[in-house]
Amino acid sequence: GGRRYCVVYVHDVGGSRLAALSSLGCALDAGAAGYCAFDCGGCGGSGGRHVSFGHFERYDVACVVADLVRARGFTDVCLWGRGAGAVAALAYARAAVALADDEAPAGPTVYDSVFGGAAAAARDDG
């Protein structure tokens, strides 16, 4: 078969998988064969108790990506991270590249954040 890609939407702090609905049309218009949204630990219906602003949520992303590839047959995954979800997506992508992880599917990434960088976020001047 051909290549099949899925967009994985990773929400912002205090958000939930429902926020992904705002980007669904864009992903499908771009030709995505699938679209996945989930609640990171500590948010939405996850049952988690703490939010780490992307640090531990990257492991949530890794589990979702692994399932999409192994169990659902996607060949590529596009990560779309919003706010702290962008941090989680970037941290996952960076670790996958550093490990030369053959299980990590290649694909574009969208880092959708109101901050221009860590220093700007710390100053809160975007």
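What percentage of the 126 residues in the protein chain is buried? Buried residues make up 34% of the chain, where buried means under 20% relative accessible area, exposed over 50% and partly exposed in between (1.4 Å probe, protein chains only). The model is predicted: local features need pLDDT of at least 70, side-chain atom pairs count only at pLDDT 80 or more, and totals for chains, interfaces and linings use all residues. Residues are numbered from 1 along each chain as its sequence is written, and side-chain values use heavy atoms, with hydrogens and water left out.

The protein chain contains 4 helices and 4 strands. Helices (H or I, at least four residues) and strands (E, at least two) are DSSP runs, numbered from the N terminus. Along the sequence, the pattern is β-α-β-α-β-α-β-α. Contact means heavy atoms within 4.5 Å. Of the contacts between residues at least 6 apart in sequence, 68% join residues at least 24 apart.

The 4 strands form an open sheet in the order β2-β1-β3-β4, with parallel pairing. Two strands pair if DSSP finds at least two bridges between them. β2 (34–37) and β4 (109–112) stand at the edges; each has a single partner strand, so one side of each is left without a neighbour in the sheet. On average, neighbouring strands of this sheet are turned by 15° against each other, direction ignored. Axes here are lines fitted to C-alpha atoms, for helices over the stretch in contact, and angles run from 0 to 180 degrees between N-to-C directions.

Strand β1 (residues 5–10) runs parallel to β3 (residues 76–82), and 6 bridges join them. Within this pair, Cys-6 has Val-77 of β3 as its bridge partner. β1 also pairs with β2 in the parallel sense, over 4 bridges. There, Val-7 stands opposite Tyr-35 in β2. The covered face of β2 holds Gly-34 and Cys-36. Its uncovered face holds Tyr-35 and Ala-37.

Tyr-35 is also one of the residues touched by Ser-23. Ser-23 is found in helix α1 (residues 21–29). Its relative accessible area is 7%, so Ser-23 is buried. Tyr-9 and Trp-80 are touched by Ser-23 as well, not counting residues up to four places away in sequence.

Gly-85 lies in helix α3. With a relative accessible area of 1%, Gly-85 is buried. Not counting residues up to four places away in sequence, Gly-85 touches Val-10, His-11 and Asp-12. The C-alpha atoms of Gly-85 and Cys-40 are separated by 8.6 Å, although the two residues are 45 apart along the chain.

Empty space was examined next. Rolling a probe the size of a water molecule over the atoms shows where such space is left. On a 1 Å grid over the protein atoms alone, a cavity is a set of points where a 1.4 Å probe fits but cannot get out; lining residues have an atom within 4 Å of a point. Grid points are joined across faces, edges and corners, and a volume is the space filled by probe spheres set on the points. The structure holds 1 cavity of 30 Å³ or more. About 60 Å³ of space lies in the largest cavity.

This largest cavity is lined by 13 residues. His-11, Cys-40, Val-51, Glu-57 and Ala-84 lie nearest its centre. Helix α3 (residues 84–98) gives the largest share of the lining, 3 residues. By class, the lining has 8 nonpolar, 3 polar and 2 charged residues. Ala, Val, Leu, Ile, Met, Phe, Trp, Tyr, Cys and Pro count as nonpolar, Asp, Glu, Lys and Arg as charged, and the others, Gly among them, as polar.

Notes:
1 Å grid on protein atoms, 1.4 Å probe; cavity = no way out; pocket = protein on both sides within 12 Å on 5 of 7 lines; lining within 4 Å.
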